[in-house]
Amino acid sequence: MIRFEPRGPVSVSRMLAVSLAAAFAALVLAAIPMAFAGLSAFNAYSLMAKGAFGSLFAFTEMLTRATPLILTGLAAAVAFRAKLWNIGAEGQLYAGALAAVAVGTGAISAPGYLLIPMVALAGALAGGLVMLGPTLLKTRLGVDEVVTTLLLNFIILLFVQMMLEGPMQDPMGMGWPQSEPILDEAALPKLLERMRIHWGLVVALAAALGVYFLLKRTVWGFEIRAVGENAAAARHAGIPVTATFVRVGLLSGALAGLAGVGEVAGLKGYLTADLSPGFGYSGIVVAMLAGLSPIGVVFAALFIASIFVGADSMSRATGVSNYLADLIVAMALLCVLVSGLFLRFKVRFIGAPATRETAK
Amino acid sequence: MTGPTQEADIVLRLDGITKRFGMLTANGDVSLDLRQGEILALLGENGAGKTTLMNILFGHYVADEGQVLVDQSGTGLSELEPGSPHAALESGIGMVHQHFTLAENLSALDNIILGTEKLVSLTSARAPARKKLAELITRSGLDVPLDARISQLSVGEKQRVEILKALYRDARVLVLDEPTAVLTPQESDTLFATLKKLSADGLAIIFISHKLAEVMASSHRVAVLRGGRKVADLPTAECDLRKLAELMVGHEIVETVRDAGSPGAPLFTLQNISVGHGRDALHQVDLVLRSGEILGIAGVSGNGQTTLARVISGLEPPASGTVSMEGDDRTDANARTVIDSGFARIPEDRHRDGIVGPMSVSENLAIESIRKPENQRFGLLRFSAMREKARNLIKAYDIRCQGEDSPARLLSGGNIQKIVLARTLDPEPKVVLAAQPSRGLDVGATSDVHKRLLAARARGAGVILISEDLDELMRLSDRIAVIHRGHLSSAEETETLDRGTLGLRMAGQGGEQAA
Ligand SMILES: Nc1ncnc2c1ncn2[C@@H]1O[C@H](COP(=O)(O)OP(=O)(O)OP(=O)(O)O)[C@@H](O)[C@H]1O
Ligand SMILES: [Mg+2]
């Protein structure tokens, strides 16, 4: 017989162990449908590992894919910490990308050391402002932000499409719905010759450290945690709850906006309406896998990116659909959610009284 | 009172229960017998391990050592499966937690039968359940509107639903964790009348309480825990109030007494305050608090005290009227400005408004002053200063915890209250609003709170004391006003009042009501 018993505070090492176990369990579970597709799990996983880590190119591709995931993961994590349910990172990403393109394609001419920060700032600002609306609607009128942020995703994507087929369309683009290319001075420099990996990764890692520091060591972070854990007590203790939500909303949107900046100014060079294969939504999964910890977000993003990149490469080699990646990611999320149970509860196996003494 | 005595009647036995949380031994080798038809009072200081012991009994926790034995169905004692509330229910153990576990948006009836029937057969189960409950209600006197939603019920009614829920499952042992902490005195009397009736019918009852008078009046036997160990187990008839208090804290409790004060100038006033509607509204409330006095607000809870406290705390702006402090208009103040003006607020619902459970004890102690220079510099938290301060407060206020870094939610109910007290009273506030400050505190901690409120008064602070406990009010207050249905009477000197008049006014009879 298995019994659950509530547990006290959870140590970092236990949290890590449970997360790793969850990731491993996900891989094991995903092997079952693979077997039905006539694929040996060992084969598939070694192909995937090769696809994500097998060469310098593969590895940098994986890191390139992780870059926006780290940023959208942070966007979700910081908002969820305050119990501000921002489901709109996808839209904020596009808003950031749009602003980056607007500033970076020739509207302003300046040397790179000025233009790049301006492009990044514009993108962050655009993302933040997009999230400001739902945040104010929540604090002022009590409108559910899950609904507003989610619906804004579609509105923004349609708006981007409109701009790309109208005012912002590239005149040299032969009628394709795409923006003018970003100026060379405005593009994020590459990290390595002949690879696609760019400075966005450094920005993302710095952002993770920044958010960690913010939450852990600053007054604002203290207030975010207090509001998220018990808004009534925070208000009673004189913490400015509305201002805290606004700060969190701006920060969360800005992080998602930066993800969009990285994708246009670091990777693609111009904006199209298929810039993101759902990085905003995957960011939510990343944040959940990470248990909303900013440092954990980095690792969760690397995990998910390697699954996606690895599965692409595997599917090229074997012809098995890369939907497998979605399957593994979904399994991982389920496993982590279940593992939350093991973090909050001690599991006791109770049979004969003798086992009780040992199962401590 | 004397209860049944035969050895054969034992329905429940705790045998050598030990429970550790990390380094802390919450229960150490506790053994306890409970006999049929007996009412046992479980006493002990805050953090002595009472709740933990009852949680083991009911299967929320598993003991590290020892076992729970129950008389399953009159066939002698056998071991209860550990860690299974389901098994505990099956064996006839019912538990009423201090925080109720009812589904707020379901009817009382559905709450009672929930879990006994399969969900699909809920509708068909209602009719027979209603019949059984009608019978239980007449037998026990537990009057409950079965079809009302839980959210519409008063605290006392919710508690009756919890008890009925246990009885409906044919409980033969009923455990109540601090059942009277949230009840009005009248509701408490009704509860104990019911419990006596039920015990006469054979139900065995364990209740936890810090109110020694009700323990003396209503229990057959008393068991006392101290530091997790059982230090006494004796018939109530062999006890008196003093002895009980001594057994609990290990030394004699000195009653606090109020000296003749010397109230000064008006410090804080409410003028013609109206706000809200319905049960918790305030109507044209006037109040003047002078420095160096304790102003008691008596009243049965649910008569507007919560709103009054929220207005004073800066959480709810009044619809009309003015608030002023030391002559300045404070009507538009918010929680922040109220705190910064030297105002300490002890909230009534400490779990909801007092602490952020997952944050540490030291963070909870600093939360009201987190932007003060002592806790931050350039927006960065000064952890070592916060933790050192916390260590001092933990010592000064005797907060029992495993250190300043443990999450506040792991503390016992009384110790959570001590966090709030330490945080609010330590900065030597000019005005103190204390709403039910000693609710859930043990005798020692209660007398400590009283001492601290009197010390604030002696320092020249003004104290507003909202309480249901007439003894506490009469002992501490210089003047007492009565709140009834949102109207606050004008305050009168305590010496000119007696319990009888106050009681009548609290019930809305006798005495003038402030217009
Ligand atoms: N899950 C837990 N993890 C760690 N410590 C715990 C846990 N539950 C309780 N404790 C600790 O065990 C001790 C006993 O707590 P318990 O709640 O049983 O006290 P109590 O006698 O009910 O006190 P009160 O009168 O204040 O309600 C306390 O010091 C408390 O902090
Ligand atoms: Mg308790």
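Predicted model: local features only at pLDDT ≥ 70, side-chain atom pairs only at ≥ 80, totals over all residues.
The interface brings 40 residues of chain B into contact with 34 residues of chain A. The size of an interface is often expressed as the accessible area that is lost when the parts come together. By this criterion, chain B and chain A bury about 3000 Å² between them. Carbon and sulfur atoms account for 58% of that buried area.

Polar interactions also occur across this boundary. Two salt bridges are found between chain B and chain A. In one salt bridge, the side chain of Glu363(B) meets that of Arg225(A), with an N to O distance of 2.8 Å. Residue pairs in polar contact between chain B and chain A, with both residues at pLDDT 80 or more, number ten. On the side of chain B that touches chain A, two or more residues are given by each of α10 (335-340), α11 (350-354), β18 (380-381) and α13 (383-396) of chain B. Of the elements on this side, α11(B) gives the most, contributing four residues. By residue class, the side of chain B that touches chain A comprises 19 nonpolar, nine polar and twelve charged residues.

Ligand 1 is surrounded by 20 residues, of which the closest are Gly47(B), Lys50(B), Thr51(B), Thr52(B) and Ser412(B). Both side-chain and backbone atoms of chain B approach the polar atoms of ligand 1. A polar side-chain atom of Asn46(B) is placed 3.0 Å from an oxygen atom of the ligand, while for Gly49(B) a backbone N or O atom lies 2.9 Å from an oxygen atom of ligand 1. A nitrogen atom of ligand 1 is located 3.3 Å from an N or O atom in the side chain of Tyr61(B). Taken alone, ligand 1 exposes 640 Å², and 91% of that area is buried by the protein.

The secondary-structure elements of chain B that each supply at least two residues to the shell around ligand 1 are β2 (24-35), α1 (50-57) and α14 (413-425). The largest share comes from α1(B), which provides three residues of the shell. In composition, the shell around ligand 1 divides into seven nonpolar, ten polar and three charged residues.

Key
Residues numbered from 1 in each chain as written. Chains lettered and ligands numbered in written order. Heavy atoms only, no water. Contact = heavy atoms within 4.5 Å. Buried area = accessible area lost by both parts, 1.4 Å probe. Salt bridge = Lys/Arg side-chain N within 4 Å of Asp/Glu carboxyl O. Polar contact = N/O pair within 3.5 Å; in protein donor to acceptor, adjacent residues only side chain to side chain. Nonpolar A, V, L, I, M, F, W, Y, C, P; charged D, E, K, R; others polar. Near = heavy atom within 4 Å. Areas by Shrake-Rupley, 256 points an atom, 1.4 Å probe, with all protein chains shown as cover.
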